[in-house]
Amino acid sequence: MTDTIDQAFGGEETVGEGSCSVYFLDVGQGDSTLIVTDTAAVLIDAGEQSAGDDILADLQKYGVTTLDWIIGTHPHADHIGGLPKILEYAAAYDDLTVANVMTPALPDSQIPTTRIYESFLDGVEANGLELTEAVSMTIDLGSASLEIIPSPGEDYSSLNDYSICAYLTCGETGFFFTGDASKPEETDLLESGALDHVQADVLKVGHHGSRESSTDDFLYAINPSYGVISCGYDNSYGHPHSEAIARLTKFCGEQIWRTDENGTVCIQSNGQQLTVTTEK
């Protein structure tokens, strides 16, 4: 993997054989990533409830008519909030199909009873689907493959640490997606050996750049050259935190992008090199 190219953000792109495009969507203080390959598309999270319509517009913009997988990394509203709108639309209209929906395994005591989560479940049912519980598996996406890495822990105090992680490989390039995983999950992933084979050029930075994520040991294992942070402009949490940025900078230097500053960030791989385009 070599050069990074910053250029104006384009419109609909054609993804050819041996390549893939990863869109880190600007959904404010939330999280949403769209993966598009030559034969498949995957949506990881969908921001807050208000992001649903914007993501539907993005799917149309990028020519996505089938979501082979929707992955809700964990059931917090800033990650699954937009999914009910997307599922509702897919159930009602023929120009979008959802084939599979994945969520993490949760202890009974941690399963939410929120209105958003109930609406999400209703949307899954409206599409004639059943939830797929995350287990270690690899999904064939044609020109790329997506390895699902479920959280190895079973007794966390926060839903963040049940986040489904995923490792996308396209040729010789790799992307790692973290949900809101923080130090407890990062530590368990390292100790379980789940990251031993991961060599990711691009890291979707955990928990919007929180100081509790992107620990030194985790970053050393992933060894990213590029970081992308999904966060809202002037958000009340102070994300991204300066401590996390300092740790990321040791690995990524100036190759850190933020949706609050750059808008949607697209990183395209041709299997050998990565090209970065930004909306702003």
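**Seven-stranded sheet**

Seven strands form an open sheet in the order S9-S10-S11-S12-S13-S14-S15, and their pairing is mixed. The edges are taken by strand S9 (137-140) and strand S15 (256-258); each has a single partner strand, so one side of each is left without a neighbour in the sheet. From one strand to the next, the twist averages 15°. The model described here is a predicted one.

- Within this sheet, strand S12 (residues 173-177) pairs with strand S13 (residues 202-204) in the parallel sense, over three bridges.
- Phe175 has Val202 in S13 as its bridge partner.

**Eight-stranded sheet**

- A further open sheet has eight strands, also with mixed pairing, in the order S8-S7-S5-S3-S2-S1-S16-S17.
- Strand S8 (132-133) and strand S17 (274-278) are its edges; because each has a single partner strand, one side of each lacks a neighbour in the sheet.
- Helix H3 (residues 83-92) packs on this sheet, where it touches strand S3 (41-44), strand S5 (69-71) and strand S7 (101-103).
- The direction of H3 makes about 160° with that of S5.

**Strand S2 and its partners**

- Strands of a sheet pair through backbone hydrogen bonds, in either a parallel or an antiparallel arrangement.
- S1 and strand S2 (residues 33-37) run antiparallel and are joined by five bridges.
- Across these strands, Tyr23 has Leu34 in S2 as its bridge partner, and Phe24 stands opposite Thr33 in S2.
- S2 and S3 also run antiparallel, with four bridges joining them.
- Ile35 has Val42 in S3 as its bridge partner.
- The link from S2 to S3 is a hairpin of three residues.
- How many of the five residues of S2 are buried? Five of the five are, so S2 is largely enclosed by the rest of the structure.
- Both faces of S2 are covered, with Thr33, Ile35 and Thr37 buried on one side and Leu34 and Val36 buried on the other.

**Helices H3 and H4**

- The axes of H3 and H4 come within 8 Å and cross at roughly 20°.
- An angle under 35 degrees counts as roughly parallel, and H3 and H4 are therefore roughly parallel to each other.
- Their crossing, that of H3 and H4, is left-handed.
- On the H3 side, the contact is made by Leu83, Pro84, Leu87 and Ala91.
- On the H4 side, the contact is made by Ile116, Ser119, Phe120, Gly123, Val124 and Ala126.

**Aromatic pairs**

- The structure has nine aromatic pairs.
- One of them is stacked: the rings of Tyr23 and Tyr62 have their centres 3.9 Å apart and their planes at 15°, and planes under 30 degrees apart count as stacked.
- This pair links distant parts of the chain, with Tyr23 in strand S1 (residues 20-24) and Tyr62 in the loop between helix H1 (52-61) and strand S4 (66-67).
- Tyr23 and Tyr62 are 39 residues apart.
- Tyr23 and Tyr62 are both buried.
- Tyr117 and Phe120 form a tilted aromatic pair, with 5.9 Å from centre to centre and 40° between the planes.
- Why are Tyr117 and Phe120 separated by about one helical turn? The reason is that they are three residues apart in helix H4 (residues 115-126).
- Both Tyr117 and Phe120 are buried.
- Phe24, Phe175 and Phe177 are linked into a cluster by ring pairs.

- Helix H7 (residues 242-252) contains Phe251.
- Phe251 has 24% relative accessibility, so it counts as partly exposed.
- In sequence, Phe251 and Asn223 are 28 residues apart, while in space they are 6.6 Å apart, C-alpha to C-alpha.
- Neighbours within four places in sequence aside, Phe251 is in contact with Leu219, Tyr220, Asn223, Pro224 and Ser225.

Key. Residues numbered from 1 in each chain as written. Predicted model: local features only at pLDDT ≥ 70, side-chain atom pairs only at ≥ 80, totals over all residues. Heavy atoms only, no water. Phe/Tyr/Trp six-rings, centres within 6.5 Å; stacked < 30°, edge-to-face > 60°. Helix = DSSP H or I, 4+ residues; strand = E, 2+ residues; numbered from the N terminus. Buried < 20%, exposed > 50% of the residue type's maximum accessible area, 1.4 Å probe, protein only. Pairing = 2+ DSSP bridges. Contact = heavy atoms within 4.5 Å. Axes fitted to C-alpha atoms, helices over the stretch in contact; angles between N-to-C directions. Parallel < 35°, antiparallel > 145°, perpendicular 65-115°, else oblique. Left-handed = near helix turned anticlockwise from the far one by under 90°.
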